[in-house]
Amino acid sequence: MESNSLARTDKELAELYQRHADLVYRLCYIYLKNPVDAEDAVQSVFIKLIQSQMVFNDHEHEKAWLTVTTRNYCKDILKNWWRIRRVALDTLPEVPSWNGHESSGKVLARLLSLPEKYKTVLYLYYFEEYSVKEISEMIGHKESTIQTQLSRGRKLLKIDLGGNYLE
């Protein structure tokens, strides 16, 4: 193999996986609402990464690429006709809550019940701490659209949680 090859070593792939596996799993779970399907999707996303010869500028570029790839992969999964006829499991993974007053499972369950356009931007903003500008670039919508979706999503989540959140 040439020294200037774009192929990643096993060590580099392992480090990349360690840095981003949790993010990819949580995003997959947000979309697929099933831990088994989310685990399968994580494997598929990282296989796409291994097969691609993408060169990243830095860790944030890696994270953004994986976020967009994960989102697109999960949307493709959800388009399958059999997926519509499946029943989601009720168990939710533990994710840090937004304010510590309620269990994170309750907040995440409420977030998952929101329409996709709201749950995605809320998750990326609050759980992954992306800025409005970064979310805008990832999703491909204007910043003003993202801000509107965040605002409306917060209102829906606040109503759903009984007015105790995001005040």
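This is a predicted model: local features need pLDDT of at least 70, side-chain atom pairs count only at pLDDT 80 or more; totals for chains, interfaces and linings use all residues.
Of its 167 residues, 41% are buried.

Next, select Cys-28, Leu-66 and Leu-111. In the largest nonpolar core, which has 41 residues, these three touch the most other members. Helix 1 (10-32), helix 2, helix 3, helix 5 (104-113), helix 6 (116-127), helix 7 (132-139) and helix 8 (143-160) each give two or more residues to this core. Helix 1 supplies the largest share, 10 residues.

Now turn to the salt bridges, which number 4. Select Glu-62 and Arg-19, whose closest N and O atoms are 2.9 Å apart. Glu-62 is in helix 3 and Arg-19 in helix 1, so this pair ties together parts 43 residues apart in sequence. Glu-62 is buried, at 8% relative accessible area, while Arg-19 is partly exposed at 38%.

Move to Glu-128 and Arg-26, another salt bridge, with 2.6 Å between the closest N and O atoms. Glu-128 sits in the loop between helix 6 and helix 7, and Arg-26 in helix 1, so the linked parts are 102 residues apart in sequence. Glu-128 is buried at 8% relative accessibility; Arg-26 is partly exposed at 25%.

Then select Lys-75 and Glu-116, a salt bridge of 3.5 Å, N to O. Here Lys-75 in helix 3 is tied to Glu-116 in helix 6.

Select Asp-58, Glu-60, Glu-134, Glu-137 and Glu-143, which form a negative patch. Asp-58 lies in the loop between helix 2 (35-51) and helix 3 (59-79), and is partly exposed at 42% relative accessibility.

Terms used:
Residues are numbered from 1 along each chain as its sequence is written. Side-chain values use heavy atoms; hydrogens and water are left out. Patches are made of residues with over 30% relative accessible area and no salt bridge: like charges are joined within 9 Å, nonpolar side chains (Val, Leu, Ile, Met, Phe, Trp, Tyr) within 5 Å. Accessible areas come from the Shrake-Rupley method with a 1.4 Å probe; for residues, only the protein chains shown count as cover. A salt bridge is a side-chain nitrogen of Lys or Arg within 4 Å of a carboxyl oxygen of Asp or Glu. Lys and Arg count as positive and Asp and Glu as negative; His and the chain ends are not counted. The place of a charge is taken as NZ of Lys, CZ of Arg, CG of Asp or CD of Glu. Helices (H or I, at least four residues) and strands (E, at least two) are DSSP runs, numbered from the N terminus. Buried means under 20% relative accessible area, exposed over 50%, partly exposed in between (1.4 Å probe, protein chains only). A nonpolar core is a set of buried Ala, Val, Leu, Ile, Met, Phe, Trp, Tyr and Cys residues joined through side-chain atoms within 4.5 Å.
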